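Open the model in your viewer and keep the selection tool ready. Each stop below says what to select and then what is there.

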Amino acid sequence: MRIYLARRLAQALLVLLGVSFIVFFILYLTGDPVLILLPPDASAEDVQKFREAMGFNDPFIVQYGRFLGGALRGDFGQSVRHGEPAFSLVVERMPATFELAGAALLVALGLAIPAGIVSAVRRNTLVDYVSTVVALLGQSMPTFWLGIMLILVFSVQLNLLPSSGRGSLEHLVLPAITLGLFTTARITRLTRSGMLEVLGQDYIRTARAKGVSDPPVVWKHALKNAAIPIVTIVGIELGTLLGGSVITETIFAWPGVGRLSVQAIYNRDYPVVQAAVFLLASTFVLVNLFVDVVYTYLDPRIRLR
Amino acid sequence: MSAETEPARVLLRPPAVRAGLVGPAPIILFIRRLARRRTALFGLVVVMLVVVAALGAPWTAAYDPTEQDITNRLRPPGSPAAAGRAHLLGTDHLGRDILARVLYGARPALMVGFAAVAISGVLGMMVGLVSGYFGGRIDDVFMRLADIQLAFPFILLAIAVIGVLGPSLPVIIVVIGVSSWVVYARVVRGAVLSLREREFVQAAHALGSGDGRVLLRHILPNAFTPWLVVATLDMARVIVIESALSFLGLGVQPPTPTWGGMLADGRVYISTAWWLATFPGLAILVTVLGINLFGDGLRDTLDPRLKL
């Protein structure tokens, strides 16, 4: 168990190192940052001096080393636009993004797991068909369109819910549904197929034959085993949710990391983009590390490998 | 040789030979089985219609998608226009015909879809084959690369790179293509892991085939099925991503009509002109749904145990 965890931790660190490299490389691709940082009328001599002072003349690997050292201390440089450290700008907006992603995940799990179970237990009934069709539609619907349609119906036509900003619980409803729909559809389908597989197994038949009634068979015997793939996908779906927040936050003017990074890209404010990509990717890696640990408790076979 | 012993003897032969001996070719059998799945067939028809709409846009569209007509801006669906024509889906904020723009918008979506899937599919296939067949160090390296790739919130990575390089059709295709190989690699690798232990592969080795020949002639054709299913379903994802990028202004640039770009325009007029944002969104939904239905059917027909 310890060995497994140590290996898993080493892997996570390696992945973060790779992430940092790619994040650095993206900025490196932008070419000469001096042209963005200095006023256009700077003399050639000034440019040269500035370049030397900032270390832009150093070899690629030295520049990367400096970036990595900074990143480890939470230093991604100053935001070109806001004049504040990029790191703190991003960190300030993290809670809003986590709130939205968490709410979306709650919506997804709250809808998908019951829907998937009912679909599997009442296979080929009307309930199953409806839930399957809804899941299929949900998987095919682009988030940004759903967001706009929800605004059209619930904010513009019915005037029930706010269409932008953050604050009350009401502000959270539409963005959370928008962001969570795709994940809901995925988990519904996964739960259904997982439950169907488990329900067909011998030990379920044995339990039924021994006279265990329906609800305990479903909830105690079957769901426990069907839960394993669901837990894995929750970790992966978090990546979808964090990435999807870019779009959802833009539509609903939600003050999170996603919206900040889109604006930073428009403004060519690359330190902020780097900090945002690096922190979101790190969050994803850490959550998946955590999911893997949880996983070893659910499925002891993994520990032994 | 009696009629009873024939099937048993035939069964011992490799599948390809067996199929040649008894009944129709596998491809015919496959098409028959696929055709029995009505939802898959429906999906295929929808996809074909979208492809035809994209190719035939210059003939089917009654208007030029970029032609502006400020006097007829924001007309609701069905509004009559000059010369007995009508704007079936209305006009946008510059008086451009929405139906024509929806038809033309299928072009960048499908182009990015096919091209990006081709790039990531080939990359992933190569990585999966090598990783699964040789194992060891190479496998470790590729699988860590896959972890790194998956750690990035996809859209954010894409917009960061496109923001830096500047949005254009080739950049969008390459960025999506290069960063989507992981699913293919994993699925192909999984298939190769089990294939390389099979008798026909060992037989090929025993007969003196080198690694390259075994990989290309014996393993690749058998790993193709799961790959095809992934490619189909991934196409749906890529089309949504292309629209998302256009929606954020980082897709194919105006005046070329894109579904995502139309949605972004329509969003501004959402309280007064609902049709601007509704129809391009429906176009994306229908296209993606068709691909998903077809992909699901393909998966169920080819390999029901495949979990995707």
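This is a predicted model: local features need pLDDT of at least 70, side-chain atom pairs count only at pLDDT 80 or more; totals for chains, interfaces and linings use all residues.

Residues are numbered from 1 along each chain as its sequence is written, while chains are lettered from A and ligands numbered from 1 in the order in which they are written.

**Stop 1: chain A**

Select chain A. There are 13 helices and zero strands in this chain; helices (H or I, at least four residues) and strands (E, at least two) are DSSP runs, numbered from the N terminus. Along the principal axes, the C-alpha atoms of chain A fill a box of roughly 85 × 60 × 30 Å.

The mean for chain A is 83, and 94% of its residues reach 70 or more. Which element of chain A has the lowest mean pLDDT, and which the highest? The lowest, 62, belongs to helix H13 (residues 301-304) of chain A, and the highest, 90, to helix H5 (residues 86-121) of chain A.

Of the 305 residues in chain A, 38% are buried. A residue is buried if 20 or more other C-beta atoms lie within 10 Å of its own, exposed if 12 or fewer, and partly exposed in between, with C-beta atoms placed from the backbone.

**Stop 2**

Select residues 169-199 of chain A, which form helix H8. The helix has 31 residues, but its end C-alpha atoms are only 38 Å apart, short of the 45 Å that a straight helix would reach at 1.5 Å a residue. The expected span is 1.5 Å times one less than the number of residues. Centre on A:Gly180, where H8(A) bends by about 45 degrees. The bend at a residue is the angle between axes fitted to the seven residues ending there and the seven starting there. H8(A) is largely enclosed by the rest of the structure, because 23 of its 31 residues are buried.

Next select helix H7 (residues 143-157) of chain A, whose 15 residues should span 21 Å; its end C-alpha atoms are 20 Å apart, which agrees. H7(A) has a kink of about 30 degrees centred on A:Ile151. Buried residues of H7(A) include A:Phe144, A:Trp145 and A:Leu146. What do the buried residues of H7(A) pack against? They pack against H8 and H10 of chain A, together with H11, H12 and H13 of chain B.

**Stop 3: loops and backbone angles**

Most residues other than glycine have a negative phi, and most peptide bonds are trans. Select A:Ala253, in the loop between helix H10 (214-251) and helix H11 (257-266) of chain A. Phi of A:Ala253 is positive, near 50 degrees. A:Ala253 is partly exposed, with 14 other C-beta atoms within 10 Å.

Go on to A:Arg268, in the loop between H11 and helix H12 (270-298) of chain A. Phi of A:Arg268 is also a positive value, near 55 degrees.

In chain B, select B:Pro254 and B:Pro255, which are joined by a cis peptide bond with omega about 10 degrees. B:Pro255 lies in the loop between H11 and H12 of chain B.

**Stop 4**

Select chain B. Its secondary structure comes to 13 helices and two strands, and 45% of its 308 residues count as buried.

Show both chains. In all, 35 residues of chain B are in contact with 37 residues of chain A; two residues are in contact if their C-beta atoms, placed from the backbone, lie within 7 Å. On the side of chain B that touches chain A, the largest share, ten residues, comes from H7(B). The residues of that side divide into 27 nonpolar, five polar and three charged. Here Ala, Val, Leu, Ile, Met, Phe, Trp, Tyr, Cys and Pro count as nonpolar, Asp, Glu, Lys and Arg as charged, and the others, Gly among them, as polar.

Notes: pLDDT is the predictor's confidence in each residue, from 0 to 100.
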